[in-house]
Amino acid sequence: MEEDFIPEFRSLIATMLDNITPRYTPLSQPVRWQLVKAVAIAAAVLLVLYAAFRIFVRLRIRRKDKKRQAQFDLALEEVESILADAGEGSGAGGAGDFVRQCASMGEQIDRHTNRRGNSRLVALLAYRIARETRMNAQQAALCFCCALVADVGMLALPHNLFFREHLTRRERRLFRTQVQHAVSLIGFVPRAYLEFFIGSCLYRR
């Protein structure tokens, strides 16, 4: 009895395993083409969406840059007017030239340190904070100009230093020396403002 049962049991197990095991069914040529087409369309849609996203991001950045540039230009004119009314810095072409020199040096620092628009953003923030804290107009204008050139000491450091992901101990020490070079690079600042600028550059850390 038992001997008859064992072959039947084995046969049943074999049938079950045969039904469970997936079988490869080759696809017909039309079905293959449909799958290839679907994959190609999906890839094309993803590519178009990615390109549209990149364009959208660039346009948004450009719009934001234009808005910030307009705000900066407005603040620049306001600062020029304030310093011209104060009567200081009238030498070497007047207050307007002095403020433009600060803005020009800020752009130079940004190019050297690979930080796009950083000086303009910091100058705007410094000016707004100064005005919000009820600082007098001349001091607020000086805060704007100081913020533009606060990192001037970085111009004395090697350009490739700003593209490193990791700095050695020697390079970190070199970075700390940038404040020592700042004073020698702000010779264009009128004597009346020099102390204010030196303090801003030396204690910016």
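**Close-up 1. Arg131 and its salt-bridge partner in the predicted model.** At 36% relative accessibility, Arg131 counts as partly exposed. This close-up, like those that follow, is taken from a predicted model. The side chain of Arg131 forms a salt bridge with that of Glu78, at an N to O distance of 3.4 Å. Because Glu78 belongs to helix α2 and Arg131 to helix α4 (residues 118-132), the pair ties together parts 53 residues apart in sequence. Glu78 is likewise partly exposed, at 37% relative accessibility.

**Close-up 2. The salt bridge between Arg100 and Glu80.** The two side chains meet at 2.6 Å, N to O. Arg100 lies in helix α3 and Glu80 in helix α2, so the pair joins parts that are 20 residues apart in sequence. Arg100 is partly exposed, with a relative accessible area of 43%, whereas Glu80 is buried at 16%.

Close-up 3. Asp110 is buried but has no salt bridge; Arg115, the nearest side chain of opposite charge, is 4.8 Å away. Beyond its neighbours within four places in sequence, Asp110 is in contact with Arg115, Gly117, Asn118, Ser119 and Arg120. Arg115 instead forms a salt bridge with Asp151 (2.8 Å, N to O).

**Close-up 4. Helix α5 (residues 137-149).** Of the 13 residues of α5, 10 are buried, so the helix is largely enclosed by the rest of the structure; among them are Leu142, Phe144 and Leu148. At the start of α5, a side-chain oxygen of Asn136 comes within 3.1 Å of the backbone nitrogen of Gln138.

Notes
Residues numbered from 1 in each chain as written. Predicted model: local features only at pLDDT ≥ 70, side-chain atom pairs only at ≥ 80, totals over all residues. Heavy atoms only, no water. Buried < 20%, exposed > 50% of the residue type's maximum accessible area, 1.4 Å probe, protein only. Lys, Arg positive; Asp, Glu negative; His and termini not counted. Salt bridge = Lys/Arg side-chain N within 4 Å of Asp/Glu carboxyl O. Contact = heavy atoms within 4.5 Å. Helix = DSSP H or I, 4+ residues; strand = E, 2+ residues; numbered from the N terminus. Expected span 1.5 Å × (residues − 1). Polar contact = N/O pair within 3.5 Å; in protein donor to acceptor, adjacent residues only side chain to side chain.
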